[in-house]
Amino acid sequence: MAALLLQRAFPNASLTLLESSAIGTIGVGEGSTPALKSFFDAVGIEEYSWMPACGATFKSGIRFDDWSRVPGFESYFHPFLTQFDRDHIRALAYNSELRRRGVDVHAHPDLYCYSAYLADRALCPVPPHSFPFDVQYGYHFDANRLAAFMKASAQVRGVICRDGLARHVRRDERGDVSSVELDDGATIAADFFIDCSGFASVITRNALGISYETYGDALLNDRAVTFVTPPVPVAASHTTATALPCGWVWHIPQQERTGNGYVYSSAYCSEDQAASELAAHLGVAENAMTPRTLRFSTGRATTVWNRNTLAVGLAQGFLEPLEATALALVQLTLARFIRYWRAGQGNARYASQLNDEIADAYANVKDYLHTHYLTSNRDDSGYWRACRANGSAISPRLKAVIETWFSGGDIAPVLHETGLGRHYKLNSWLYLLSGMGIYPRGVALTPASREQLDKVPLASISRFLRTLHAQPPAAGGRTCAVAGGVACRARRCGDRSGPGARADAWARFCGSVASVRTGGSAAFD
C-alpha cells in the first residue's frame with residue numbers, strides 16, 4: 001500500500017521495496033472498511049482486476065452475534081453507510097432516546113440500514129450503475145494474494161523490489177537513518193524510510209528507540225488462534241464476529257475459503273483451550289485442525305513520523321481486528337503524510353501534527369473497541385465478568401458518552417465535544433449501543449403515543465428498502481446487485497476507468513482523508 005500510494009504521489013521519486021522471503025506473513029484472511037475502495041480508486045486498480053485474483057468478496061458490514069444476552073438483541077449489524085441512511089439514523093436516534101426513557105418503540109438498529117437488509121439476504125452491496133444513491137462497502141480477501149498483487153502492480157509502475165533481511169540500521173551524525181544493511185552484506189541508502197517491518201518495528205522501536213503506549217488495560221485480548229475452512233456455497237456479504245467464553249471469533253468469507261480466528265485473552269484461556277473452543281464452534285474435529293497461534297500486544301508507537309522515517313502498519317501499532325480498522329489506519333497515515341510532506345515542501349515541518357492525528361485516531365478506535373466489551377451483559381465466564389468490570393480503564397471521554405446514553409440524553413453533542421465522533425460517527429455509536437440492547441430493564445415500558453409512532457413509520461422504512469433492492473439494472477449496467485458477494489470478472493459494471501476518472505478518484509481520496517479533522521468519516525465508517 002505504501003509503495004503504490006507513494007509512487008502515485010511522487011512519480012519522479014526512486015522507490016525501493018525491501019522484504020524478506022525468509023519471513024512469513026500472517027495471511028489469515030482479511031476484511032476491510034470502505035476506505036480500501038477509495039485506495040484502489042486512487043491508485044487506479046479496478047475491482048474486476050484485483051478481486052478475482054485475490055479470492056475477494058464484497059462486505060456490507062459486520063454482524064455481531066451473542067455479544068448481548070438481552071432478549072431480542074442477541075445479534076445486531078454494524079453496517080457501512082449508504083447515502084439515504086442519514087434519515088434512518090435520525091429515526092434510530094429518536095427511537096433510541098424514547099426507549100431509554102421507557103417508551104415502547106422499536107429501537108433495534110437492523111431495521112434502519114440498507115446494508116443490513118442486503119447482508120441478511122446474502123446480496124452484493126454493489127448497486128446498479130443507474131442507482132441514484134451512494135452505497136459504501138468493503139471487501140474480504142486473501143491477504144497473501146493481495147500483497148503479491150500489490151507488489152506486482154508496484155513493480156509495473158517502477159518500484160524496485162529487493163529480497164533481503166534488514167540486519168542493521170545505520171544513522172548519520174544528525175540522528176537520521178542513512179541506510180539499512182542487509183544480511184547478504186548489501187546496503188540500501190535513501191533519503192526517507194517507511195518502516196513496514198511489522199511487530200519487529202526494526203527502525204521505529206529498535207533503531208530509534210521510540211516508546212510504545214500499551215492499551216492492554218482497556219483491551220484484554222492478546223492472542224488469536226486461526227484456522228481456514230472450506231468456502232460456503234453462497235458467500236455472505238458481511239463479516240461475522242461471534243462472542244465465545246474468552247473472546248470472539250471472526251468468520252471472513254472468501255471465494256475459495258473461509259477465514260476463522262478466535263481472538264482471546266491468555267489470562268483466561270490457554271492455547272489448547274482456545275483451539276478446542278474454536279473447533280467446537282466450527283464443528284470441526286479437534287484432531288483434524290492445525291491451527292496457528294498469533295501473539296500480539298495492543299497499543300501504538302508514541303511517534304510515527306520521526307526524523308526521516310515513518311512507521312506504518314504493525315510497526316506503528318496494533319488494535320485487535322474487531323472493526324477491521326488496521327488497513328484504514330495504514331491508509332490514513334500514508335495519505336496524511338503525503339499531504340503534509342507536500343505542504344512542508346519535503347521536510348518534517350508538520351510531523352508533530354501528523355503524530356497528533358494518528359495518536360487521536362488510535363485513541364478513538366481503542367475507545368470504540370473498548371465499548372463493545374464494557375457494554376456486554378455476558379457473565380458466563382471470568383473473562384466477560386472482567387470485561388464488564390473494567391471501568392477503571394475507561395477514558396474520561398468514553399465515560400461521558402456512556403453516561404449520557406444511560407441518562408437518556410443525546411450523545412451527538414458529547415461525541416462532538418469529546419472528539420469521539422471524529423472517526424466513528426454518530427451512526428456507528430448508535431448501531432453499537434442500540435444493538436447491545438442497552439436500555440432500561442425491569443421497568444414496564446410505556447406505550448408509545450400515536451404521534452411518536454408516526455414520526456418513525458417502520459412499515460415505510462421496510463417498503464423503501466425492498467423498493468431499492470427491486471430496482472432493475474440499466475442496460476449494460478451492473479448485474480451483480482442481486483448476486484452473492486463474489487466480484488464480477490468482466491467489464492459489464494459501468495466501469496468509469498481512464499485518466500480523467502483516476503485523477504478525480506485521487507482528488508477525492510486526498511480530500512476525504514483531509515476531512516478527518518473536521519468530522520469526515522472516510523477512515524472507518
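Student: Which residue in E22 is the bridge partner of Gly 299?

Tutor: That's Phe 318. A strand here is a DSSP run of E with at least two residues, and a helix is a run of H or I with at least four, both numbered from the N terminus. Before we go on: this is a predicted model, where local features need pLDDT of at least 70 and side-chain atom pairs count only at pLDDT 80 or more, while totals for chains, interfaces and linings use all residues. Residues are numbered from 1 along each chain as its sequence is written, and side-chain values use heavy atoms, leaving out hydrogens and water.

Student: How many bridges join E19 to E22?

Tutor: In general, strands of a sheet pair through backbone hydrogen bonds, either parallel or antiparallel. We call two strands paired if DSSP finds at least two bridges between them. Strand E19 (residues 299–301) and E22 run antiparallel, with 2 bridges joining them. They belong to an open sheet of 3 strands, in the order E13-E19-E22. Its edge strands, E13 (212–214) and E22 (317–318), each pair on one side only.

Student: Is Thr 226 buried or exposed?

Tutor: Buried means under 20% relative accessible area, exposed over 50%, and partly exposed in between (1.4 Å probe, protein chains only). Thr 226 counts as buried because its relative accessibility is 6%. You'll find Thr 226 in strand E14 (residues 223–229).

Student: Which residues of H8 are buried?

Tutor: Ala 274, Ala 275, Glu 277, Leu 278 and Ala 279. Contact means heavy atoms within 4.5 Å, and the buried residues of H8 pack against strands including E14 and E15 (239–244). Just after H8, Gly 283 has a positive phi of about 75 degrees.
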